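Visitor: I have a chain on my screen and would like to learn how to read it. Could you walk me through a few features?

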Amino acid sequence: MSRYPPEVWDRIFDVATYVPYTLVPEIFEKAGFIGAPYNDEYHPALRATRATKYNLVCVCKHWWYLATLYLYRTIYIDSPHSLLSLSNTLRSYAEGGGVMAHASRLGLWAQRLDVSIELAGHPNNLTYYPDDLADHLAEVIKYLPNLTIISIAFPSSLIYGPMPPTVPHSLRGCASLRVLDCEGSFSLPLQDLEELLMNSPHLHILNCHHLRWANGLLPSSTLSSLSTLGLREAVPGIDHNGETCSQETHVRVNEVIVHVTGRHLDQWSDFVQRYSRCLTSIQLRYDGNPELELDGYLDIYLDMIKQSCPSIRRLTIFLPSFKWLRVDIDGSSFPAIEYLGLRAAERHLPSYGHRRFIILFHRIATLKTQIPTLSVVQLVDHVNVEQVCEYYSDPSVRPHVDRVLNGMLRVQDHEGNPLSERLAATVSTW
């Protein structure tokens with residue numbers, strides 16, 4: 001090992017532990033996926049690289065010193081026991097009790113923290129309670145002042161009230177925070193979240209369960225840096241008479257992720273109207289409620305966008321299945337968009353799955369005739385792209401796909417490349 005300078009080993013460790021789109025600035029390219037879709041795709045890779053990093057630091061003492069930076073650069077926690085262990089380790093190093101010479105530097109290396117607690121398969125974890133988890137989490141965040149990305153998700157069985165104040169208090173110490181995803185966690189109390197946003201001047205992406213401000217609107221002072229805002233609900237601010245957004249305040253939010261829940265539609269309408277001047281991209285995500293008549297509500301949300309957002313250029317729709325993509329005869333429900341992103345959560349298609357894609361590409365072709373401004377359609381999920389490639393061999397599916405691909409519409413895969421190229425590669429393997 002002594003034959004190679006430390007810079008070479010740094011590069012080797014960097015490549016061995018690299019996960020694309022998980023650090024700043026690459027993660028900004030995946031802003032529209034923030035939340036469950038992003039976690040579903042990238043958390044498995046972060047878990048896998050965690051094992052790789054542990055193996056590297058265990059090879060020998062020299063590698064331990066060299067690879068520790070990469071061990072703590074991205075931190076992934078999936079159990080209460082791991083959270084407690086990390087809290088104890090960071091505290092020990094901060095107090096000078098670590099076994100490494102540069103003990104106090106451990107927490108300074110961390111750029112990303114993912115806490116995705118899973119109780120299944122960990123029976124001992126059932127002895128932990130929400131306040132315990134919050135206290136351990138607050139302790140961990142306190143020792144990681146240079147975090148730029150934080151994602152917090154606790155099991156629904158543990159979420160029954162607002163987040164204890166220790167966590168938002170610790171978050172306010174992360175002055176470099178760029179991405180905060182706490183949708184799958186406790187709801188942040190109004191005052192705590194407001195103070196956090198006011199003290200996060202570099203925050204670009206925020207994804208949370210709900211915001212509860214006056215008239216369902218945001219204080220303008222919290223929107224000066226945000227570019228992407230994800231909300232499960234916009235609810236009335238009954239007990240809050242704080243500042244609302246003024247027309248004079250510079251607002252950077254241009255992308256909003258809206259969950260199609262069927263609740264608080266009036267609040268969403270007010271919200272969209274208020275920020276219509278800056279919104280150019282909206283994403284609609286189906287909430288997963290089996291009792292929700294998605295067909296009807298989706299049209300309501302689309303009509304709301306069309307009526308309120310004249311600047312909208314990009315629309316992305318996350319559906320349980322492509323069968324829910326309805327297209328009116330005159331296309332009246334869709335705004336005059338240039339880009340349409342589509343994602344279906346359905347992973348295991350039925351025996352008649354080929355009909356999903358016959359209908360999908362027929363409706364895409366119909367949309368193009370009804371929305372002259374539409375120039376790009378993208379399948380934003382790699383699983384959906386793989387499904388199209390699989391069913392492209394079906395003679396009943398191929399003509400419908402080819403009709404769209406040979407038209408005036410650009411159809412892209414999840415990486416932004418022409419779908420035709422991926423299909424051509426698939427055909428070459430037949």
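Guide: Gladly! The chain has 13 helices and 12 strands; helices (H or I, at least four residues) and strands (E, at least two) are DSSP runs, numbered from the N terminus. This is a predicted model, in which local features need pLDDT of at least 70 and side-chain atom pairs count only at pLDDT 80 or more, while totals for chains, interfaces and linings use all residues. Residues are numbered from 1 along each chain as its sequence is written, and side-chain values use heavy atoms, leaving out hydrogens and water.

Visitor: What percentage of the residues of the chain count as buried?

Guide: Buried means under 20% relative accessible area, exposed over 50%, and partly exposed in between, with a 1.4 Å probe and protein chains only. Here 53% of the 430 residues count as buried.

Visitor: Is strand E2 largely enclosed or open?

Guide: In a regular strand the side chains alternate between the two faces of the sheet. For E2 (residues 112-116), 5 of the 5 residues are buried, so the rest of the structure largely encloses this strand. Arg 112, Asp 114 and Ser 116 lie on one side, with Leu 113 and Val 115 on the other, and both faces are covered.

Visitor: Which strands pair with E2?

Guide: Two strands pair if DSSP finds at least two bridges between them. Strand E1 (residues 74-77) pairs with E2 in the parallel sense over 4 bridges, and Ile 75 stands opposite Leu 113. E2 also pairs in the parallel sense with strand E3 (residues 149-153), over 5 bridges; there Leu 113 stands opposite Ile 150.

Visitor: At what angle do helices H11 and H13 cross?

Guide: Axes are lines fitted to C-alpha atoms, for helices over the stretch in contact, and angles run from 0 to 180 degrees between N-to-C directions. The axes of H11 (residues 382-391) and H13 (residues 419-427) come within 10 Å and cross at roughly 50°. Angles under 35 degrees count as roughly parallel, over 145 as roughly antiparallel, 65 to 115 as roughly perpendicular and the rest as oblique; H11 and H13 are therefore oblique.

Visitor: Which residues make the contact?

Guide: Contact means heavy atoms within 4.5 Å. H11 contributes Val 385, Val 388 and Cys 389, and H13 contributes Leu 419, Arg 422, Leu 423 and Thr 426.

Visitor: And where is Arg 363 placed?

Guide: Arg 363 is in helix H10 (residues 354-370) and is buried, with a relative accessible area of 18%. Not counting residues up to four places away in sequence, Arg 363 touches Phe 322, Lys 323, Leu 325, Arg 326 and Val 327.
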